[in-house]
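Subject: Handing over a structure

Dear colleague,

Please read the notes with the structure open beside them.

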Amino acid sequence: MIVFEDFTYAYPTGSAPVLRGIDLVVEEGGFHGVVGASGAGKSTLAMAVAGFIPHAQGGEYAGRVAVGGAVVADTPLPELVTRVGLVQQNPFDQISGARFTVREEIAFGLENLGVEREEMARRVDAVMADLGIAGLADRSPYALSGGQQQVVAVASMLVMRPEVLVLDEPTSQLDPGGARMVVEALGAVRRSGVTVLLVTHALELLAEHADTLHVLVDGEIAAQGPPAETLADDRMEEWGVGRPRYTEAAARARRDGLWEADRALPATLGAAAAGFRAAVRTEGGRR
Amino acid sequence: MSTGLSVYRGGDSFVHRLNPVTKLAFVAAVVIAAFGVDSLWWPALLFAALVLPGALWAGVGRRFVLLVFGLIAPFLVILFLLQGLTYPDPGTVLLELGPLAVKTEGLLFAGTTALRLLVMVGAFVLLLLTTDPGTLMSAMQQAGLPPKIAYVVAATMQIVPSFQARANAILQAQQARGMDTSAGGALARGRRLIPLMGPLLLGALTDVENRSIAMESRAFGAATRPTALTVVPDSAAQRAARWAMILAAVAAVALNTLGVL
Amino acid sequence: MTPAVHIEGLVYAYPGGVTALNGVDLRIEHGERVAVIGRNGAGKTTMARQLNGIAKPTAGTVTVCGTDTAGATTARLAASVGYVFQNPSDQIFAKTVRADVEFGPRNLGRSAEETARLAEAAMAATDVLDFADHHPYHLSPAERKRVALASVLAMDTPVVVLDEPTTGQDHRSVRRIERIVADLHAAGTTVIAITHDMDFCAESFDRVVAMAQGRVIADGTPAEVFARPEELELARVEPPQISRLAAELGWADQVTTVDGFVEELSRRAGGAAGAPGA
């Protein structure tokens, strides 16, 4: 569904490329995560999928990026936005300001696309039900919490029936309650069959939900694979990404001989618990 | 219900339920009539017989009076002072105050202008008190207002209050770094505030960048003609009434010019 | 010994009438590291704003480094309390990063040499020296947050308040902030942080104050506070990752840090036999 082939990009103002030789594939219906230190190129990657790079930015663009078979650089942005939805970091900035209730805010995209009224109403009500926000329908988007606003942003994109949803650090400005709301919304997105690319620092979230992680380091992909593998990689610290705390605990325990040497480091809470139970039972799993 | 720059508080009177375009037509009609007819009593009559009763009927009388007079009061003072004392010759002098003279014509002119202002402000306030901003925007768009203009109005209403909050936050942040905002005279204080425009604009610019990406993602400005989710109720009777009001106003002006009224 | 912060019977109501703080009593001695936790709306930021006088008590008293905030301006209290706001864009306004970082110490009356020295040290600690002469507009939000922190560190105040310092920060930045908190503590500075990040809270702070509905509902070490499920529920707060792991393993003893976990694991696994350097 999403294909990057040897993609290299430099911003018009910058000298050095921000992304170099990116090869990345996301299968249809997949849920992939992109992690990396600040400045590694994660947002640039997200924008390259959504098409704002190159269409809104210019810059030096080499290689190929395609979404659902359509080459991004060759497809006009108005068409791309119907295929790729984008959710950004700041909840407040994504409220259009054009509409005064949540229901109308969600419908805004469909209105701009000229969708017929009855179908629009059906789709809006369906999306609100799927994401559990039907109760917010008549409220002002500006009166919602950050988490609620982000779920409305997800709904506003989902209602346009995109093939892909790209989220660029959607929970980084939210409190844990708000972040949980967005995670639940992503569950609904997944169930609807939309392909998801999630750029985030929230490793635990990715551990539980993502099929594949891509680790960006200084503009290049340093590793990609299932969370269980990538999150356990010892190089994550030097890559500036870090690991979930229980993975760290297991790594330290292994050094002290308290984690079975041939057992993979855990990426999820469940795997960590299983591993540590074994450690205590067999007294460190040695001999 | 909406937050932001809005005085609307909800309500269910006949006036509330009218299509906003009908109310706009009312505003246009009374303004045309008030400004077009050359008479002191005409605008007074329009206000007393149409605008004020409209507010009372809608049940927003108290807020109406507070808002209208609150808005007009500063202008009234200036108006009467200026026109009253500086009306050009010739004129019937009532009172002499040194080089300036209070003339009847001046007072009459000031009075007429004041009453015309009263009608205009009153009609607009009546519209805003009885119309949900969202409904107003929808109705205007359905009547043909370009989406981009409607957007600017709606977004300004909803986003400007956040500016006030931001400006406050910025001021507090600088005080928290030891900037004493109370020291010095007005000029010194003003000068100190100028660099603070920076963060406000910087924040606004970043917001604008992000929001324009979000708007693009929602296909704003797409080639197709936009549709609308909510239909604002209208009727043939209202449509007829709109034309009737405008025609009546124009007729009044015409008759007045011809010397009949 | 005068405490760094002494709050007695603090009540605060917004002009509109909503009561945000319902009687808070809190005493923080010099040199403590305190994390304030609780859901949005519990009163954490409202209380923190009392510390440098941005908000004044409706009832009760707030005394900071011996000064009653009621009679002091924010500018004056800034000499005692450095407050790092959550949104760095509200704070940064100068044309270069260096100029912005120097703003605080300059206002507090430091000499030019002292200001330059403090600014240099603060920028080094937050790793923003590379952009010292850049315009802040060109920085990413995460970088701006570091600049905001540097500008307050440069003020060299006895008390530092951090409002959500790790929100939106990447792993390296979080580690950097943990180091900064440790360095401040070593230098005797009182550090108060409002945070949603329970892992950061458990790793870097000795004392946790949990708030809900405008009141303090728990006050103790991380181990003590995270062992109280009812209070955590009220505060709508989840314990640190590592505590959840310990709970999953059925351990009764409260573990809140990775080191603590490994120690406990070592104890339960029957001693440190075979562990290198144990």
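How many residues does the contact take from chain A, and how many from chain B? Chain A gives 35 residues to the contact and chain B gives 30 residues, and please bear in mind throughout that this is a predicted model.

On the side of chain A that touches chain B, the elements that give two or more residues are helix 3 (77–83), strand 6 (84–87), helix 4 (102–112), helix 5 (117–130) and helix 6 (146–158) of chain A. Of these, helix 4 of chain A provides the largest share of that side, with 6 residues. Sorted by class, the residues of the side of chain A that touches chain B comprise 16 nonpolar, 13 polar and 6 charged.

Within chain A itself, the domain assignment gives domain 1 (2–243) and domain 2 (244–287), and the centres of these two domains of chain A, taken over C-alpha atoms, are separated by 34 Å. Where domain 1 of chain A meets domain 2 of chain A, 9 residues of domain 1 are in contact with 7 residues of domain 2. At least two residues each of the side of domain 1 of chain A that touches domain 2 of chain A are supplied by helix 8 (203–209) and helix 9 (227–230) of chain A, and the largest share, 4 residues, comes from helix 8 of chain A. That side of domain 1 of chain A has 6 nonpolar and 3 charged residues, and no polar residues.

With best wishes

Methods:
Residues numbered from 1 in each chain as written. Chains lettered and ligands numbered in written order. Predicted model: local features only at pLDDT ≥ 70, side-chain atom pairs only at ≥ 80, totals over all residues. Domains from an automatic or database assignment. Contact = placed C-beta atoms within 7 Å. Nonpolar A, V, L, I, M, F, W, Y, C, P; charged D, E, K, R; others polar.
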